[in-house]
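Hi,

Here's the structure I said I'd pass on. Have a look at it first, then read my notes below.

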Amino acid sequence: EFQGIWDGRPVYQQTGVSSGNHIWFSEDEEEHPCWYITPRDQKIGVKPEAAVAKSYHAGFWPWEVSNWHVCGKSGRFVPAL
């Protein structure tokens, strides 16, 4: 569900069978621009370290993004299967 624009990019809230997390993009990362999925109780753009998934794919729309990495039990990001 579209929530608005942040930093010139669309922000969405997951709906349906998901948890209602936010999906947003940041160009402010040191290594690469990054798409994040963060819990809905976190503010957009404030705590990327709270991400439950991320992708360095630079697609404009979230449905164009691939190569997601998810936060595993160890607290490290691993490729999503």
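Start with the aromatic cluster: Phe-60, Trp-61 and Trp-63 make up one. Keep in mind that this is a predicted model.

How are the rings arranged? A search through the whole structure turns up four aromatic pairs. Planes under 30 degrees apart count as stacked, and over 60 as edge-to-face.

Next, which residues form the nonpolar patch on the surface? Phe-60, Trp-61 and Trp-63 again, with about 350 Å² of accessible area together. Here's how each one comes out:

- Phe-60 is partly exposed, because its relative accessibility is 35%.
- Trp-61 has a relative accessible area of 32%, so it's partly exposed too.
- Trp-63 reaches 60%, so it counts as exposed.

The cut-off behind that last call is simple: exposed means over 50%.

One more thing to click on: Lys-54 and Phe-77. The charged end of Lys-54 sits over the ring of Phe-77, 4.4 Å from the ring's centre.

Cheers

Technical notes:
Residues are numbered from 1 along each chain as its sequence is written. This is a predicted model: local features need pLDDT of at least 70, side-chain atom pairs count only at pLDDT 80 or more; totals for chains, interfaces and linings use all residues. Side-chain values use heavy atoms; hydrogens and water are left out. Patches are made of residues with over 30% relative accessible area and no salt bridge: like charges are joined within 9 Å, nonpolar side chains (Val, Leu, Ile, Met, Phe, Trp, Tyr) within 5 Å. Accessible areas come from the Shrake-Rupley method with a 1.4 Å probe; for residues, only the protein chains shown count as cover. A salt bridge is a side-chain nitrogen of Lys or Arg within 4 Å of a carboxyl oxygen of Asp or Glu. Rings of Phe, Tyr and Trp (its six-membered ring) pair if their centres lie within 6.5 Å; planes under 30 degrees apart count as stacked, over 60 as edge-to-face and the rest as tilted. Buried means under 20% relative accessible area, exposed over 50%, partly exposed in between (1.4 Å probe, protein chains only). A charge sits over a ring if NZ of Lys or CZ of Arg is within 6 Å of the ring centre and within 35 degrees of the ring normal.
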